[in-house]
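I opened the model to take notes on its domains, its ligand site and its helix packing. The entries below are in the order I looked things up.

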Amino acid sequence: EPALASRMSGFETPATIAMSMRARVLKAEGKNVISLALGQPDFLTPKIAIEGGYQAALEGKTKYPPIDGFLSLKKAIQKKFKEENGVDYALDEIMVANGVKQILFNALMATLDPEDEVIIPAPYWTSYPIMVRFLGGNPVHVVCPEKDNFVLKARQLKAAITPKTKWLILNSPSNPTGAVWTKEDLLALVEVLRINPQIWIFSDEIYEHLIFDGQRHHSLAALAPELKDRILTVNGVSKTFAMPGWRIGYAGGVKRLIRAMLKIQSNSTSGACSVSQAAATAALQYAQKEVESMKLAYDRRRKKMTAAFSAMNGISCNIPQGAFYIYPGIAGCIGKKTAQGRLIANDQDFAEALLEETYVAVVPGSAFGLSPYLRIAYAADDVVLEEACQRISQFVQELS
Ligand code: PLP
């Protein structure tokens, strides 16, 4: 039979998707499933954004879009970068794509030669290493333990760099841990990067507005202007404006890189959906109030979730300062048996047993490169979260 490409071998379904698929099967069987496995805002897209898209469609903005994005959106992004992040990008240093995912794909496709290395702090968003491998590069995972607040330290970065290093990927606030790199954390990395001029830096700031406890988000390009031409500042509307389905992400970076990324985009997707671009433009311009109220809700849930998990036996819950995830450690549960007799040898076993026995879906830390932990997305209704916490608490109590 016709063969698939050899690059397809060794590609497993990401655990995040696998858990969601299993949850869906159980749901279809009529089970009362709660899924906290996906990093997807539960809020509706702000009305003003939907209206922006709707109006644009009625007005005929339904032709092929410019490859790099509509000027109106690029101007809104330029203003956002300047005012919120303190970074100046010319319009030809900005591009729009089908989500951060496509920005990542374009950037790696445009730069990676076979065997090039990409340094990825672990725990990481699963798409980073998958995409690196997909494009022929080698992901270099650097484990950032809980005692360091899951943050990459300068000495670790230094040790990981080789002549083959092409990129460093940073993601603050982080998926899956919610960790926030402080200004000092970032400046320490900048010192190392400064003397390694062959390295590009992918700064994924998609969770910048979900930041709590008075912490501030710092854009790397603003902190290190001398590295600006090597930094790709990346953001999108999926999380900030609860718009994941609209598929709009964007980036600011040096013209040479943006131009190469646009070549790839031009020959793969022809750019991002025109109607979505209009919706994103409206969101960036007019939806600040909604962003604030969602942030308050996330913060309230974060506090409830960390309190609930901290009270569970065998679970230790660090307090994340950003994004909408908690990443509790479950070392105290390893080696125990569930009420139905399943042995929990690792976090994957924990997540599977939890889903089968209580119908709550979470993702094991192994999927993100650091065990034994769970990643729990609290982008869900308060009542749902309470019910989930109760079920997990009981599940843990019954371990023996
Ligand atoms: N970057 C990080 C760190 C994420 O967690 C996610 C979504 O889970 C994305 C990017 C995806 O962004 P987009 O919806 O813009 O493709």
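These are my notes, entry by entry.

**Entry 1**

I am working from a predicted model, not an experimental one. I kept that in mind throughout.

**Entry 1: domains**

I looked up the domain division first. The protein chain splits into domain 1 (6–44 + 289–397) and domain 2 (63–286). I noted that domain 1 is written as two segments, 6–44 and 289–397. I then checked the separation: the C-alpha centres of the two domains are 26 Å apart. For the contact between them, I found 30 residues from domain 1 and 29 residues from domain 2.

Next I asked which elements of domain 1 supply at least two residues each to the side that touches domain 2. I found helix H11 (288–310) and strand S9 (325–326). H11 gives the largest share of that side, with six residues. I also sorted this side of domain 1 by class. It divides into 16 nonpolar, nine polar and five charged residues.

**Entry 2: ligand shell**

I went to the ligand next. How many residues surround it? I get 13, and the closest are Gly-99, Val-100, Asn-175, Gly-236 and Ser-238. By class, I have seven polar, four nonpolar and two charged residues around the ligand.

**Entry 3: H4 against H5**

The axes of H4 and H5 come within 10 Å and cross at roughly 35 degrees. I recorded the crossing as right-handed. From H4, the contact uses Lys-101, Leu-104, Phe-105 and Leu-108. From H5, Ser-127, Met-131 and Val-132 take part. I count five nonpolar residues here, with one polar and one charged.

**Entry 4: H2 against H10**

I moved on to helix H2 (residues 47–58) and helix H10 (residues 274–286). They pack at an angle of about 140 degrees, and their axes are 7 Å apart. That angle makes H2 oblique to H10. H2 passes H10 in a right-handed crossing.

I listed the contact residues from both sides. H2 brings Ile-48, Ala-49, Ile-50, Glu-51, Gly-52, Gly-53, Ala-56 and Ala-57. H10 brings Ser-274, Val-275, Ser-276, Ala-278, Ala-279, Thr-281, Ala-282, Ala-283 and Tyr-286. The class tally for this contact is 11 nonpolar, five polar and one charged.

**Entry 5: H12 against H13**

I then took helix H12 (residues 347–358) and helix H13 (residues 382–397). Their axes come within 11 Å and cross at roughly 110 degrees.

I looked up who meets whom. Leu-354, Glu-357 and Thr-358 of H12 meet Arg-391, Ile-392 and Phe-395 of H13. I sorted these into three nonpolar, one polar and two charged residues.

**Entry 6: backbone checks**

I finished with the backbone. Which peptide bond into Pro-123 did I flag, and is it cis or trans? The bond from Ala-122 to Pro-123 is cis, with omega near 0 degrees. I placed Pro-123 in the loop between strand S3 (117–122) and helix H5 (127–134).

I flagged the bond from Ser-371 to Pro-372 too. This bond is cis, with omega near -5 degrees. Pro-372 sits in the loop between strand S11 (363–364) and strand S12 (374–377).

I also looked up a phi value. For Asn-149, phi is near 60 degrees, which is positive in a residue other than glycine. Asn-149 belongs to the loop between strand S4 (138–143) and helix H6 (154–160).

Notes: Residues numbered from 1 in each chain as written. Predicted model: local features only at pLDDT ≥ 70, side-chain atom pairs only at ≥ 80, totals over all residues. Near = placed C-beta within 6 Å. Nonpolar A, V, L, I, M, F, W, Y, C, P; charged D, E, K, R; others polar. Axes fitted to C-alpha atoms, helices over the stretch in contact; angles between N-to-C directions. Helix = DSSP H or I, 4+ residues; strand = E, 2+ residues; numbered from the N terminus. Contact = placed C-beta atoms within 7 Å. Domains from an automatic or database assignment. Parallel < 35°, antiparallel > 145°, perpendicular 65-115°, else oblique. Left-handed = near helix turned anticlockwise from the far one by under 90°.
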